[in-house]
Amino acid sequence: MAETRARIAELDPVWDRITREAEQAVADEPLLGGMVHVSVLHHATIEGALAFRIAMKLSNGEMSDQILREICDEAYASDPWLARAARADIRATFDRDPACHRFLQPLLYFKGFQAVQTQRVAHWLWGQGRWDLAFFFQMRASELYGVDIHPAAEIGQGIMIDHAHSIVIGETAKVGNDVSILHSVTLGGTGKEDEDRHPKIGDGVLIGAGAKVLGNIRIGSGSRIAAGSVVLEEVPPCKTVAGVPAKIVGDAGCDQPSRNMDQKLTGCNCTG
């Protein structure tokens, strides 16, 4: 057993840490033992745990957990990037969210993380031409989590969506790597125009609570969007914008404000 554990820790340190934390959680709170075992400890891999968690959360009278589990298993087996991105999301959440004290928490409790993983599977289905199933995943994620991300939207890895209430991301939106998004953010269009109509968010961007980024505009990597802003024009890299409509109010202070989570307009003492 010790040899197996050591090998898992070497090959998949994120999953090893999650299982260790799960064992400790059961010891600390035996009443959660059944849920923790079925969600984490009964699975040999993080892919299995993710597939199970998504299936159990999304299942309803219209679609059984068994069918959803088979769909998720197929997605994770077909595209290893899905699980790599989930690991990056867990690390990002742990590093940036002061309320996250264990790798286990996003997998079991954080709806932002779970909504993003649901969208990743929906996006895989979209790429397979299975549009109706993808829309089912979108619908259930919106109903469960209050997070509405179109299956066609392209989401990078290392994503942290904090609190995750009332998030809307449109069909042609693209979100880069290492982006942090707070609650009530919209990445939307500006009307009934068709085709490419949603924002393109660069790497390392921090989007504050309640911000609205509208139209086919680019938000440069390393930028900060202040809470409550309405962004209607492109933002150069490493700038801070604020206001309605948003204007440049200064430099972001570093190339990845998403990691520091500093939302004050007076500066950004980024360390990562």
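These are my notebook entries on a predicted model of one protein chain.

**Ground rules.** I number residues from 1 along each chain as its sequence is written, and I use heavy atoms for side-chain values, with hydrogens and water left out. Because the model is predicted, local features need pLDDT of at least 70 and side-chain atom pairs count only at pLDDT 80 or more, while totals for chains, interfaces and linings use all residues.

**Entry 1: the whole chain.** I looked up the secondary structure and found ten helices and 15 strands. I took these as DSSP runs numbered from the N terminus: helices are H or I with at least four residues, strands are E with at least two. Then I checked the dimensions. The C-alpha trace spans about 55 × 40 × 30 Å along its principal axes. The radius of gyration is 19 Å, and a compact globule of 272 residues would have one near 19 Å, so the two agree. I took that radius over C-alpha atoms, and the globule rule is 2.2 Å times the number of residues to the power 0.38.

Entry 2: I found 52% of the 272 residues buried. Buried means under 20% relative accessible area, exposed over 50%, and partly exposed in between (1.4 Å probe, protein chains only). The accessible surface is about 12300 Å², and carbon and sulfur atoms hold 52% of that surface. Those areas come from the Shrake-Rupley method with a 1.4 Å probe; for residues, only the protein chains shown count as cover. I looked at contacts next, meaning heavy atoms within 4.5 Å. Of the contacts with a separation of 6 or more, 46% join residues 24 or more positions apart.
I also noted 27 positive and 35 negative side chains, with the centres of the two sets 3 Å apart. Lys and Arg count as positive, Asp and Glu as negative; His and the chain ends are not counted. Each charge is placed at NZ of Lys, CZ of Arg, CG of Asp or CD of Glu.

**Entry 3: aspartate 12.** I found aspartate 12 in the loop between α1 (2-11) and α2 (13-28). Its relative accessible area is 11%, so aspartate 12 is buried. Not counting residues up to four places away in sequence, aspartate 12 touches Ile46 and Arg87. Its side chain makes a polar contact of 2.8 Å with the side chain of arginine 87. I use that term for a pair of N or O atoms within 3.5 Å; within protein, one must be able to donate a hydrogen and the other to accept it, and residues adjacent in sequence count only if both atoms are side-chain atoms.

**Entry 4: leucine 68.** Leucine 68 is in helix α5 (residues 65-78). I read 0% relative accessible area, so leucine 68 is buried. Beyond four places in sequence, its contacts include Ala55, Leu58, Phe136 and Phe137. Leucine 133 is 65 residues away in sequence, yet its C-alpha is 9.7 Å from that of leucine 68.

**Entry 5: threonine 172.** This residue is in the loop between β4 (167-169) and β5 (174-175). Threonine 172 counts as buried because its relative accessibility is 19%. Its side chain makes a polar contact of 2.8 Å with the side chain of histidine 198.

**Entry 6: backbone checks.** I found a cis peptide bond from valine 244 to proline 245, omega near -5 degrees. Proline 245 is in the loop between β14 (239-242) and β15 (247-251). Aspartate 178 has a positive phi near 55 degrees. Cysteine 238 also has a positive phi, about 60 degrees, though it is not a glycine.
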